[in-house]
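Hello,

Here is the structure I promised to pass on to you. Have a look at it first, and then read on for what turned up.

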Amino acid sequence: MRDIRRILGTLALALATLLAVAPSHGAPGDPDPKGLLGDTEADLANMRAAYGRILDRGGQLRNPAYLPALVRESSAVTVSQLLAQAATPDRLAVTPALLVPGWNVGNPLRAGWNGTRGRSQPVAFTNRFGALLRGTLYGPLPGAKDPYTGKVLAAPYPGVVITPGSVGGSQGMYQWLAQDLAERGYLVLLYDVQGQGTSETLPHTGDPVFPFCNPFAPVEGDPALGTGQMTPCPGVPFQQLANFTTGTVDALDFFTSRPSAPYANPGVGTTKVDAYNPWWQQWDRSPIEDPQTAGRTTRLAVIGHSMGASAVSYVQAYDDRVATVVALDKLFADAPAPVGQGHVDPVVPALGIQSEYGFTVTPRQLSAGSSLVPAAGLPDPMRERASGFEAWRAEDLDTMVVVPRASTHLEYTDIPLVLPASRYGQALSSVYTQAWLGHYLKGDTSAKALLAERFRYLEPVGRGRWAPITLRRDPLLSARYCSAYHLDVDGQVRTDLDVVDVGC
């Protein structure tokens, strides 16, 4: 009972502090790394920093351009989505993205990106169960220059497929990463899985025109591949791993489809679908000359968040088109239910960017267990290394785990005003992803770029402007959980299992 009172007292103090503490300026400091934030003041400062995207300088409430842009873009996105749904009455999407205004708007400060910093094109294709999946292709403008190096970008470009997270995750929330990668010279397919975002909710098994499934049919899928369905109606409920694994593979099928070999599930009926990737000719199909994994020579990466991260952890093991993987909270080797269905085999180089907190921000006394399911107890510094990094390292594959300080499970989703995320966790995630793909897909940078202590990032600030900021690695990495790497750097394996000396 005394422990419960202590925990409740800490929670009350945390809430009071979050409401009372003035917003901090600039990048956060490094509170008590050796003590795992054992000091109450440091712990509360870390919890406060987990709301930095909303409260800090340059954050949503402190940038005068943010709220007007949010109102304008929310209205535009909502109307556009409703018109698209009205045009396809046979493909109903019953999702928060369509029902909640602003859900799918992403970062409104990025408005105007298309046609100025890059280009995008909506696409629609059906999955293996006949459900219509909607997505967007992103790529460089013709004749564009890399905004960081000034190098002229010329087709063809390596490819990237991004799978969103669960609990209603939708593609608008991940535009930040698709756009950042497109500006660096990648073709990116960002899409919504069945039952989320603007994609159709129900399958069309047995009837290509109207939604249909046989409730008495055998349950499909293979749990060993992460594709085991929960019901005889594929994709229902949407909150299941199989939606994300099959969605990833079907999106890869669409991305790699060409006019002479169209997508296997072109769809029929009243809905217009894309039978092949309209930008296929701009995809770099030359083989990677010296792949780390034998046979994985296709210049194609998969990125996923949340259940999407679990999905890409599975898919990298058995889809030979995947050369590397980036998992945004988390890279898994043995994924527990509901985000997994069993063991995952590490096969290709993998970057895991993983968070301190889950959907809620809790004091250190409630930091046992996983970030997604917190429990009473103190934080284990090995927690994020243990989820997948150690299994990849045991196979002597290049791997890295990055834990942004004060980060939450929502770092990777642009959601306006209401949910916690740190001020710079998303930016840090982007620069590490850019450096990772630059090495493993393009081969134009050494893995040494991943060991830098400072990164430059271009951040949208509104009215079509992007401003440079400098990210200092050590203050922006977790003081609770160890970040680590095991990399072949210019022919020599370099390993650091505790980058900022947390105590692993």
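Which side chain does Asp-180 meet in a salt bridge? The partner is Arg-110, at 3.2 Å from N to O; a salt bridge here is a side-chain nitrogen of Lys or Arg within 4 Å of a carboxyl oxygen of Asp or Glu. Asp-180 belongs to helix α6 (residues 175-183) and Arg-110 to the loop between α5 (96-99) and β1 (119-126), so the pair ties together parts 70 residues apart in sequence. Helices (H or I, at least four residues) and strands (E, at least two) are DSSP runs, numbered from the N terminus.

Before going further, a word on the model. It is predicted, so local features need pLDDT of at least 70 and side-chain atom pairs count only at pLDDT 80 or more, while totals for chains, interfaces and linings use all residues. Residues are numbered from 1 along each chain as its sequence is written, and side-chain values use heavy atoms, with hydrogens and water left out.

Back to that pair: Asp-180 is buried, with a relative accessible area of 3%, and Arg-110 is buried at 4%. Buried means under 20% relative accessible area, exposed over 50%, and partly exposed in between (1.4 Å probe, protein chains only).

The count of salt bridges comes to 21. Another one joins Glu-183 and Arg-117 at 2.8 Å, N to O. This pair also links distant parts of the chain, with Glu-183 in helix α6 and Arg-117 in the loop between α5 and β1, 66 residues apart. Asp-250 and Arg-128 meet at 3.0 Å, N to O. Here Asp-250 sits in helix α7 (residues 241-255) and Arg-128 in the loop between β1 and β2 (132-139), so parts 122 residues apart in sequence are tied together. Asp-250 is buried at 2% relative accessibility, whereas Arg-128 is partly exposed at 39%.

There is also a network of salt bridges that links Asp-329, Lys-330, Arg-383 and Glu-384. Arg-383 and Glu-384 are among the buried residues of α9, a helix of 12 residues (383-394). Elements covering the buried residues of α9 include β12 (399-402) and β15 (484-489).

Strand β12 has both faces covered: Thr-399 and Val-401 are buried on one side, Met-400 and Val-402 on the other.

Enjoy exploring!

How values were computed
The expected span of a helix is 1.5 Å times one less than its number of residues. Contact means heavy atoms within 4.5 Å.
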